[in-house]
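Subject: Structure handover

Hello,

Here is the structure I said I would pass on. Please look it over before reading my notes, which follow below.

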Amino acid sequence: MPTISELPVAPLVAATDEVLISQGGTARTTLVGSLLASAQSAITVDSPSLVGRTSLGSGGPEQVNIGVGINFSGNTLVANGSDHAVFPVASSFSLESDLVVSNQGSPMLVQASLLRSLFSAGTNVAIDPNGVISATATGTITGTVEAGNSIGQLQVVTELSSQDLVAVSHAGLDYAINYDNFISGVTIDQAQPAGPAGDSDLIWVTQGSNVMASQTFTAIWGWIASKLPTYKALVVEITANTSLDTAAHNGRILVCSQPITLSPSTTSMGSGFQCVVINASSGTVTLGPGFVSSNGSLLLASWQSATLLCLTYSGGTIAFAAMAAVGGSQPQA
């Protein structure tokens, strides 16, 4: 009789195959399927996940997925707080609201009203039971104000002089400054609206220091007029097809170093637009459809120029090119 090691190896094993067993001292045969029926099957689950039982009743193990807010840290299941992102947002915050806190590592709920115990009122400040913070007048100002008076108890004046004193707190200490150090005590949003501008109108300026002084529009215009002769138009080089607009081209000298096309956009240019274009290329610069020229041509030969205008009048809005030759050949170095 051959030994087990001498038997041929079965290439595949099926549930209907038979194997030899000893049952009660008697050699018997049984099916592989019957032999393994009571054995635990191999457990295969995705990572990260747990093994448990999600179905009702008894049964084999099932995969339990890890939800939002929980993750593995090594071999330990821990909360990471990402589930808070799906919490509903409270439309208001009241004293009856509860906050989630960690108290020495233990999660707890704390009433919002208890947050007030973290704050205390400083000098000349009071906090009432409703959480309203207000100032208390306990300092003394040199003059007619008596110590301990609240604002509502002070006498109201109808006029102020430049030497009147105003109470301020500087670096945590009480001081008084002259009223004339304020701009009439009025911020710009509280000032009365001005009428049409005139030469005698005044504006605030500083000259060499932080002391405010007044300046007239006449003096400002004189300064502007003195600067006008030194003004130089900006030069912009154009190397590709371009649609003209105010922001980039108005009041500029446009030098076309490539034979390109300049297109008008009357909406972007606006009435009053003006610029000078010079063709510094070896080819032809084309003024695109929409331009009206002084000589009927929309072509600029090499080293020719034109003044481009956009204007609105009773007949509509036009883009106009005043053509002018600036030279017949390229300048020599």
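Where in the chain is the place of L118? L118 lies in a loop, the one that runs between β8 (106-111) and β9 (125-127). Please keep in mind that the model is predicted.

L118 is exposed, and its relative accessible area is 65%.

Next, the cysteines. The count of disulfides is 0. A disulfide would need two cysteine sulfur atoms within 2.5 Å. For C256, the closest cysteine sulfur is that of C275, and because the two sulfurs are 9.1 Å apart, they are too far from each other for a bond. C256 is buried, at a relative accessible area of 0%. C310 is buried as well, with a value of 1%.

The last item is S293. This residue sits in strand β21, which covers residues 291-293. S293 is buried, with a relative accessible area of 13%.

- the backbone nitrogen of G296, at 2.9 Å from the side chain of S293;
- the backbone oxygen of S297, at 2.7 Å from the side chain of S293.

Leaving aside residues up to four places away in sequence, S293 touches L298, F320, A321 and M323.

Regards

Definitions and conventions
Residues numbered from 1 in each chain as written. Predicted model: local features only at pLDDT ≥ 70, side-chain atom pairs only at ≥ 80, totals over all residues. Heavy atoms only, no water. Helix = DSSP H or I, 4+ residues; strand = E, 2+ residues; numbered from the N terminus. Buried < 20%, exposed > 50% of the residue type's maximum accessible area, 1.4 Å probe, protein only. Polar contact = N/O pair within 3.5 Å; in protein donor to acceptor, adjacent residues only side chain to side chain. Contact = heavy atoms within 4.5 Å.
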